Amino acid sequence: MAFDQNTLRSRFCHELSEMYKSEVPLYGDLIDVVWEADAKTVQNSQNIDGARVINPDDILPARHRVERHGAIRLGTAHELATIRRMFAVMGMHPVGYYDLSLAGFPMHATAFRPNTQEALDKNPFRVFTTVLRMDLLTERTRKLARKALEQRDIFTPRLLALLDIAESQGFLTPDQCTELISNGLETFRWHSKATVSLEEYEQLKAEHPLIADVVSFPNCHINHLTPRTIDIDLVQRLMLDHGMPVKDRIEGPPKRSCPILLRQTSFKALEETVYFRDPSGFYVKGSHTARFGEVEQRGYALTREGRHLYDRILNQVNAEAAKDDLKGEAYDRLLEERFKEFPDSLSDLHDLRLGYFTYQLTPPGDQSVNESVVLSEQLPSISLQDLLNKKILSYEPITYEDFLPLSAGGIFNSNLGGVSQSKQLIMSADPDLDGFQRLLGACVADEFHLYAEMQQKSLEICRQKLQLKKIIV
């Protein structure tokens, strides 16, 4: 694409956030709470006099204030494949496969996001995108869902035409970019009139509330948006202070010196008025609960070894909690205790290869290059550890850019209440990456591979600067 995808993505993210603020005013209040928490955290970390309030935007990285993730739920292969095309125009690509049957949801997912460090630095907007697994629905519900989904088109004709233009020409004009944003927003806009009857809605909801949310409306309304914070514990307290209907606990790993993966919380989904068509064609008043506001604090990306350790500890915690019926603060205490097994220093995360890192020359390393001290004349190959020991290289952790299905499941479940007897069928299902990719019409990138590429690219840049034949890892 010849036009600036980063700018297009930034504009779309901003407009989507503004639309969601108008639809869910509490989300706007949440943005204010996040700003307040970040300002207080920065103020404390900078030892600034409490009488002077500082703007966190003046200190935090440029991407921090614009950072958002959203979530949508789709029903068909056409919807998923077309969303893939739309996000591709904005420089967002499918990364990772998430089997949500593990959490009792009849769906699987991917994350559409930028997949290079340069694009992530410009704007890291990402959308967690789920699609129904029809094979996990009972036959009666499957027939109803298919009938309802076949009767809707969540994309405007102009949006489809613009996607054709972008793909065939490789660019869009400025006016066409503006049109793409406005038409794209229509896919995610809230509609209070359902496309099913109240009786059909109740049937869908009885099997699983998420099925009703996917199937019952004329489009795939955004179900939450998520700003990023640097102190989610403070945000949680401030949300309570502001009287928001906040979750009772923060999902994800416990608070640590070296944050890993993702921690998130939310205000609970709102009950909203919805109108259902009755047999005589008139609308009757009902309600639906699905949309909420979430906050995230991002930590460091883990390697496969790190993720295995994380999953093992978390599974142990969940098994113990289920056995002893531990919830809320009791669960958090157990989580914190068990996660003491997970190393909590940057050097341990690096040396034990539990996390991904980027490498850069230190000031002494830069000086040796500037003074034309060519290491390769003495040692054509040198180990990474030697370069670190000699203070020629340093490292920084790579931010985790993806999602935790079990963490997401906890937030979804907190908004849903009880689920039906079909949950047992759903939770016994196997993952279906091949089936998902067929619906998507493309392959899903492996997130571990992307992080490893970032790490290796940074090391290669250092090797070239130092004129080394090889850095032995």
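The structure is a predicted model, in which local features need pLDDT of at least 70, side-chain atom pairs count only at pLDDT 80 or more, and totals for chains, interfaces and linings use all residues. Residues are numbered from 1 along each chain as its sequence is written, and side-chain values use heavy atoms, leaving out hydrogens and water.

**Confidence**
- The average pLDDT (the predictor's confidence in each residue, from 0 to 100) is 89 for the chain, and 91% of the residues score at least 70.
- Residues 407-412 are a stretch to read with that score in mind: pLDDT stays under 50 there, and the model has 20 contacts (heavy atoms within 4.5 Å) beyond four places in sequence for this stretch.

**Overall fold**
- The chain has 21 helices and 13 strands, taken as DSSP runs numbered from the N terminus (helices H or I, at least four residues; strands E, at least two).
- With a radius of gyration of 24 Å, close to the 23 Å that the globule rule gives for 473 residues, the chain is as compact as a globular protein of that length; the radius is taken over C-alpha atoms, and the rule is 2.2 Å times the number of residues to the power 0.38.
- The C-alpha trace spans about 85 × 60 × 50 Å along its principal axes.
- Among contacts between residues at least 6 apart in sequence, 75% join residues at least 24 apart.

**Domains**
- Domain 1 covers 5-299 + 412-440, domain 2 covers 302-350, and domain 3 covers 357-397 + 443-472, with bounds from an automatic or database domain assignment.
- Domains 1 and 3 have C-alpha centres 38 Å apart, and 15 residues of domain 1 are in contact with eight residues of domain 3.

**Helix α11**
- Seven of the 10 residues of helix α11 (residues 232-241) are buried, so this helix is largely enclosed by the rest of the structure.
- Its buried residues, among them Ile 232, Asp 233 and Met 239, pack against α2 (25-45), β6 (262-267) and β9 (292-298).

Terms used:
Buried < 20%, exposed > 50% of the residue type's maximum accessible area, 1.4 Å probe, protein only.
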